[in-house]
Each structure stands twice: as structure tokens, then as C-alpha cells.
Amino acid sequence: MKVAVTGANGRVGRYMIQELLDHGYEVRAVTMEPWEESPVEQAQADVKDAQQVFQALSGCDAVIHLAAIPSPHGYSESHIFQNNTMGVFHVLHAAGELGMKRAAVASSDCAFGITFSFQETKPVYLPMDELHPVAPDNCYGMSKVVGEQIAEGMAKRYGMTIASLRITHVLEPKDYSSGWLTKIIDNPEAEPWNVWSYLDVRDCVRAFRLSIEKPFSGHEVFCIASSEQRTAIPSKELASRFYPDAELRQPFTGRESFLNCTKAKTMLGFEAQYLISHTASDTKEEQE
Ligand SMILES: NC(=O)c1ccc[n+]([C@@H]2O[C@H](COP(=O)([O-])OP(=O)(O)OC[C@H]3O[C@@H](n4cnc5c(N)ncnc54)[C@H](O)[C@@H]3O)[C@@H](O)[C@H]2O)c1
């Protein structure tokens, strides 16, 4: 089975290629610019261009669509919204026309509208799951919600199985020894993004692989995150400090994540394996 990966030379894409190779897939890396170091066959396409996308995906059996501008910053809002939504439209349209039966799309927990919001937006209930209201007021979050709607429509139109993965903030192994988002923090006020959730990139790409392998039909949205949050503060206390009006739908007893990944566990067999708390203690043991 040959899988096309868009955004293949990005942060997640490089790990995605390796994950697929490790599991016996042929892979085509689809990138915007030529990528000479690509470890697999490569095709070039700006996902805003329908024809380029169609050509780049031809001959593949499935697609994992990662290409996007991954935040509301750095470009005009109009460009980000157009880039991300047209990308999902062209990729899934081409996939359907080419007869592919499986696709996975990178959505984001920013679909909830809590991160990057202009008007403060808080969870209605915790942990948030796929049924929690989505109300982003920024171009990036909006592009992800629209992307999920496009996936819903394309799954219906072509009888495809499509997963939209609401992945949360991705960490690479190298981030654990340096970087701003990589340690358990005492001051949640300073870094409140993504409801303090995170996802190791190795878990992230495993979730994408499972989402094109496991049997289900139509379009499904999945929350994908580590099972713990990034602060040293127990989740119950954190919720009462920051989200006192949110309904608590589970008895938080430790540092459980505020993103509920039960659906991914049940339908995809996905559970995050790489936790900062484990990694931090492993690193300490190695140093000792
Ligand atoms: N990294 C995270 O923490 C995170 C969290 C939630 C969701 N996501 C989503 O996961 C996906 C991958 O994120 P990433 O961290 O690897 O981002 P990245 O910026 O490292 O990689 C994105 C890739 O998409 C490509 N791309 C962007 N616009 C394109 C276009 N018009 N045509 C072709 N290629 C284009 C870029 O060239 C780049 O290679 C994105 O859809 C992002 O929104 C990422």
C-alpha cells in the first residue's frame, strides 16, 4: 500500500514517513518545494493548486494530509485560512476522485477555540471530547473546523473513511532537553496554551498510522493527546483555578489531561506512550 504524506518535510511529516516505512508501507513525500534529502520518492505540490495535488497523489492508495500553516501567525489571516482550507479540499477531492478509500487529516485541538482566541474562551466541560462545542474566533482554529466539515462531506460523497485528528501541541524527542514547552511547569498562568496538553511526535504519527489502518466508516474526529497535562498542579485544582464554571465529567485524581482520548483508544487502539513525566525521570536516571 502506497501512502502519500503531504507536508512531509515538516515537523510531524518527517516522523510520519519513518513510521510508515517501519510498518511496511511505500511512501510518497508531497512537499511544496523540492526536497532533495527526501528518504522516499517525492512529488511537489502546492496544496492550494488542485491540478498539482491531483498529480502528486496519483498512484497512491491513501493520504495523510499534514500540509498547513500550523498557527494563526506569520502570514495574513486570509492567507492562512485559504491555505489550510483549500489544502484539505484539494487533497480530499483528489483522493476521492482517484478512488482512495482511506485518508487522515491533521486537525487541531485549536478547533475548540480556547488556544489563540481573541475573546477569552473556556471549556464547557472537562475533559473535552469530540462532542465539546467548537468556537474558534481566529483564522487557524476556523480553518481546522472547516477542514473537518470538508472531510465530513468528502467521506459522504466518495464513501471514503476519513479521520480528522485533533492533535495537540507536538513535542519532538530533542525538545525534552531544551525548549520552552517541554517540562512540567509550576506556573500554569505563563503557558496556558492547549489546556496544558501535549503530544509526543512518536505518539502523534502512530495515531495517524492507526487512523488509516483501523476499520471504521465515514468521517470521524478524534482527540489525540498525552494522558497527562504539563503542569505540576493536580488537574482538579487546575480546573477550579482556571475553569471554575466547567463541569467536571470525571473524578480527576492526578494530573490527567483535559483532552479526552477515549474515542481514539476505543476505535483506533491509540494510547499515548511517551509522557514528559516518564521522560524527565528517564533522563535524570541516565544522568545519575
Ligand atoms: N505541531 C503542532 O504542535 C501541531 C498541533 C496541532 C495541529 N498541527 C497540525 O499538524 C500538521 C503538521 O504540523 P507541523 O508541526 O509538522 O507543521 P510544519 O510547519 O512543521 O509543517 C507543515 C508543512 O506543510 C507545508 N505546507 C504548508 N502550506 C502548504 C501548501 N500550500 N502546499 C504544500 N505544502 C504546504 C509546509 O511546507 C511544511 O512542510 C499541520 O496541519 C498543523 O496544523 C500541528
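The protein chain has eight helices and eleven strands, these being DSSP runs numbered from the N terminus (helices: H or I, at least four residues; strands: E, at least two). The model is predicted, so local features need pLDDT of at least 70 and side-chain atom pairs count only at pLDDT 80 or more, while totals for chains, interfaces and linings use all residues. Residues are numbered from 1 along each chain as its sequence is written, and side-chain values use heavy atoms, with hydrogens and water left out.

**Exercise 1.** Determine how the radius of gyration of the protein chain agrees with that of a compact globule.

*Solution.* The rule for a globule is 2.2 Å times the number of residues to the power 0.38, and the radius is taken over C-alpha atoms. For 288 residues the rule gives a value near 19 Å; the protein chain has 19 Å, which agrees. Along the principal axes, the C-alpha atoms fill a box of roughly 50 × 45 × 40 Å.

**Exercise 2.** Classify the packing of helix 2 (residues 50-57) against helix 3 (residues 77-97).

*Solution.* The two axes come within 9 Å and cross at roughly 50 degrees. Axes are lines fitted to C-alpha atoms, for helices over the stretch in contact, and angles run from 0 to 180 degrees between N-to-C directions. Angles under 35 degrees count as roughly parallel, over 145 as roughly antiparallel, 65 to 115 as roughly perpendicular and the rest as oblique. Helix 2 and helix 3 are therefore oblique to each other. Ala50, Val53, Phe54 and Leu57 of helix 2 make the contact with His90, Val91, Ala94, Ala95 and Glu97 of helix 3, where contact means heavy atoms within 4.5 Å.

**Exercise 3.** Classify the packing of helix 3 against helix 4 (residues 139-158).

*Solution.* The axes of helix 3 and helix 4 come within 9 Å, crossing at roughly 15 degrees. Helix 3 and helix 4 are therefore roughly parallel to each other. Among the residues that meet are Ile80, Phe81 and Leu92 in helix 3 and Met142, Val146 and Ile150 in helix 4.

**Exercise 4.** Describe the surroundings of Ala163.

*Solution.* Ala163 is found in strand 7 (residues 161-167). Ala163 has a relative accessible area of 0% and is buried, a class that covers values under 20%, with exposed over 50% and partly exposed in between (1.4 Å probe, protein chains only). Leaving aside neighbours within four places in sequence, Ala163 is in contact with Ala103, Ala104, Val105, Ser211, Phe216, Glu220 and Phe222. Of the 288 residues of the protein chain, 55% count as buried.
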